[in-house]
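Please read it alongside the structure shown here.

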Amino acid sequence: MPKATETVLEINLTSLEHNYNYLRSRIKATTKFLAVVKAFAYGSDAVKIAEKLAHNGVDYLAVAYANEGVEIRNAGIKIPILVLHPVPANFDVLVQYRLEPSIYSRRMLALFTEHLKETETENYPIHLKFNTGLNRLGFLEDELDLVTDVINESKTVKVASVFSHLAASEDHNEKEFTENQIRRFKKVILRIDQQLGYAPIKHLLNTSGLLNYPEAQFDMVRSGIGIYGFGNDEKYNKHLKPIASLKTIISQIHHLEPNESIGYNRGFTASERKTVATLPIGHADGIGRIYGNQKGFVFIKDTKALILGNTCMDMIMVDVTHINCKEGDEVIVFNEIHTADSLATAADTISYELITGISQRVKRRYIEK
Ligand SMILES: *Cc1c(COP(=O)(O)O)cnc(C)c1O
């Protein structure tokens, strides 16, 4: 692999394929697989990821917002796309690009069927989202009759799927809560086919759900973090490969004398002689201020170098007193070995936040090996 000569996010499409195949191997061959590619495919690149997975036979894609789906459609990808969090302002765009909305409230159902009526559209695919305990988006079970009545009367929509979302599928201490969510979901789907007169796809599990509760896979699973290489558990992480590696270089090396400080607001003051390296990556690239002040770190020559002082917009400074390095050398922020998960954990956050936060300013490079 060529060494980095600037800040770059390397995306390994072969690792993506590996993760997809691993996750598929954990579910029944007949269960459909929806890949969640919202937020630039968790900070990588939604189009590249969608193309690769479509090529590998993924059944469905999901994004959070309509504009994310438009970008995928504009790349010529034709497989169904579920929009998890549509808002009425984008209904025209949704329909224009054949994006399938999650309908999560009676207001949304009324506004969307109204919109379709105006444009004389029939049988448009929608996905009914039920709230089984996350209390974020979704109908309650006791709204089911009202919802299916509206749908049956309207003819404008056809329910492609019925789904819900688990709140704590990665947390073994919340097994009872999760099992209760599964029970609540089963109560909804028990009645739905009969009330609609056809059988939509049923799905509940995210990555940790599919790994920990495969008995609740129903007709489809929805995986995001897993396809990007994180299983939220050591037991599964060893089978998955983080697809993204964030690399940069050393721009300049400074020597601090005792009592000299570094960075804005003098965030770090040396108590002894220190050698520090300045790197061209900062909070505008996605390395937030939470990683500053010796919480976060990078790897230079495979050795950990702590971030000293405050994270700047375009730079961080790291302690290389103990590392034999020079200006221009490659720096690993995270990769398959020094994972985004471990860096995120060190700053009291989660891999999801770190990887989705890598900004569009950082150049993406794709590798297959
Ligand atoms: C983001 C999201 C997922 C993906 O969850 P992972 O933990 O990344 O697998 C699945 N379902 C819904 C509704 C989501 O919002």
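In this predicted model, the lining of the largest pocket takes at least two residues from each of helix H2 (38-43), strand S9 (220-223), helix H11 (340-346) and helix H12 (351-356).

**Largest pocket**
- The volume of the largest pocket is about 800 Å³, and 33 residues line it, with Lys38, Tyr42, Arg136, His165 and Tyr352 lying nearest its centre.
- Both domain 1 (31-228) and domain 2 (244-367) contribute to this lining, each with at least three residues.
- By residue class, the lining of the largest pocket comprises 15 nonpolar, 12 polar and 6 charged residues.

**Second largest pocket**
- The second largest pocket holds about 420 Å³ of space and is lined by 23 residues, among which Lys247, Glu330, Ile332, Asn335 and Ile337 are nearest its centre.
- At least two lining residues come from each of strand S1 (8-12), strand S10 (244-249), strand S15 (297-300) and strand S18 (330-334), and the largest share, 3 residues, is that of S18.
- Its lining divides into 9 nonpolar, 5 polar and 9 charged residues.

**Histidine 115**
- Histidine 115 belongs to helix H6, which spans residues 106-118, and it counts as buried because its relative accessibility is 17%, where the cut-off for buried is under 20%.
- When neighbours within four places in sequence are set aside, histidine 115 is in contact with Phe91, Asp92 and Val95.

How values were computed: Residues are numbered from 1 along each chain as its sequence is written. This is a predicted model: local features need pLDDT of at least 70, side-chain atom pairs count only at pLDDT 80 or more; totals for chains, interfaces and linings use all residues. Side-chain values use heavy atoms; hydrogens and water are left out. Helices (H or I, at least four residues) and strands (E, at least two) are DSSP runs, numbered from the N terminus. Buried means under 20% relative accessible area, exposed over 50%, partly exposed in between (1.4 Å probe, protein chains only). Contact means heavy atoms within 4.5 Å. On a 1 Å grid over the protein atoms alone, a cavity is a set of points where a 1.4 Å probe fits but cannot get out, and a pocket is an open set with protein on both sides within 12 Å along at least five of seven lines; lining residues have an atom within 4 Å of a point. Grid points are joined across faces, edges and corners, and a volume is the space filled by probe spheres set on the points. Ala, Val, Leu, Ile, Met, Phe, Trp, Tyr, Cys and Pro count as nonpolar, Asp, Glu, Lys and Arg as charged, and the others, Gly among them, as polar. Domain bounds come from an automatic or database domain assignment.
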